Structures are given as structure tokens and as C-alpha cells.
Amino acid sequence: MLVDCRETTLGGMHKRFRLIIAGIALVTAFSACSSEDSGDTASTTTPATAVDGSAVPTTAADAEAAAVVEVMDMSFKPATVTIEAGEAVTWEFDDGGIPHAVQGLNDNGMELSSPILKSGPYTHTFTAPGTYEYICPLHPQMKATVIVK
Ligand SMILES: [Cu+2]
């Protein structure tokens, strides 16, 4: 006969009763179980302390843009911005409910494509130097340029 140590979590009385009838041969096993039993409860795992809310950094939009282009009055303002490679441009859409978008032209403009927005920001990070012309696909007369040094 064997004593299942896991049963000790059910209660000391039950365990001892079984041990008594099991006989003296199990004294060694009883000792092993008793030492484990001294832990008192089965739930020995301490729940991890939750990270306190103040540790969470307040994140703004994305990374801070090197240039901001306002999309308003049916135009991009300013029409030309200049940044360094690796920097970002943020377009702020705010034209009184008129939807616009940013759509790059030419080969290097393929990476530039915003959703159609009536408000809110669109940010794009430019990794390669070059001159990036773009339009609003809904209003192609809205044309502007990002120069990446
Ligand atoms: Cu537009």
C-alpha cells in the first residue's frame, strides 16, 4: 500500500487515519508527507503582483513627426516639407468633413497611401532619400511634395 502525498491536501485527519491502518512500514512516507503538509494549504503559489497602472507610459500618436502637413481648405499645407531619412511626416486631416487621402505618385510614392479620412492623423516614416510627390486621389489638383534628405 502506498500513501498518496497529494491526498494530504484533503485534510490531516483523513491522512492520519489512512496511515494508522497502513501500519508502521509507512512511517517514513508519513514523515515525507508531513513535512510537505506543514505548508498548511494547497495553494502555495503566490499570485503575481499586478503591474501598477502608473508604470504604463502615456503614448501619444506615433513617434513624433519631423513634419506636420495640414490637410484643409482643399490643399496640403505646407505644399513642400523636408525631412531626413528615417523621419516621419504626419498629415492632419481637418477639412470640415470633406474626405481626403494621401496617395504617392511615381515609383517611390508607392509606399505612401493613406486611408480616406475626414479627420485624424496619418503618419508615414520615410526611410529612403528622395523626392516624394503625392496627391489626394479624390481631388487630384491637391498636389504636394515630401523631400527626404
Ligand atoms: Cu481630397
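**Entry 1: Overall make-up**

I began with the secondary structure and counted 2 helices and 8 strands in the protein. Helices (H or I, at least four residues) and strands (E, at least two) are DSSP runs, numbered from the N terminus. I noted that this is a predicted model, in which local features need pLDDT of at least 70 and side-chain atom pairs count only at pLDDT 80 or more, while totals for chains, interfaces and linings use all residues. Residues are numbered from 1 along each chain as its sequence is written. Reading along the sequence, I found the pattern α-α-β-β-β-β-β-β-β-β.

I then looked up burial. A residue is buried if 20 or more other C-beta atoms lie within 10 Å of its own, exposed if 12 or fewer, and partly exposed in between, with C-beta atoms placed from the backbone. Of the 149 residues in the protein, 17% are buried.

Next came contacts, where two residues qualify if their C-beta atoms, placed from the backbone, lie within 7 Å. Among contacts with a separation of 6 or more, 51% join residues 24 or more positions apart.

**Entry 2: The open sheet**

I traced an open sheet of 4 strands in the order β3-β8-β7-β5, with mixed pairing. Two strands pair if DSSP finds at least two bridges between them. I asked which strands stand at the edges. They are β3 (80-83) and β5 (103-104); each has a single partner strand, so one side of each is left without a neighbour in the sheet.

I followed the pairings across the sheet. β3 pairs with β8 (residues 139-148) in the parallel sense over 4 bridges, and Thr 80 has Thr 145 as its bridge partner in β8. β7 and β8 run antiparallel and are joined by 7 bridges; they form a hairpin with 2 residues between them. β5 and β7 are also antiparallel, with 2 bridges. Tyr 134 in β7 is the bridge partner of Gly 104, and Tyr 134 also has Ala 144 in β8 as a bridge partner.

**Entry 3: The pairings of β1**

I turned to β1, which runs parallel to β4 and is joined to that strand by 5 bridges. With β2 (residues 75-77), β1 runs antiparallel over 3 bridges.

In soluble globular proteins, nonpolar side chains tend to be buried together.

**Entry 4: Trp 91 and Pro 121**

Which residues does Trp 91 touch, not counting those up to four places away in sequence? I listed Val 69, Val 71, Val 102, Ser 114, Pro 121 and Tyr 122. Of these, I examined Pro 121, which lies in β6 (residues 119-125). Pro 121 is partly exposed, because 16 other C-beta atoms lie within 10 Å. Lastly, I noted that Pro 121 and Glu 70 are 51 residues apart along the chain, with their C-alpha atoms separated by 9.3 Å.
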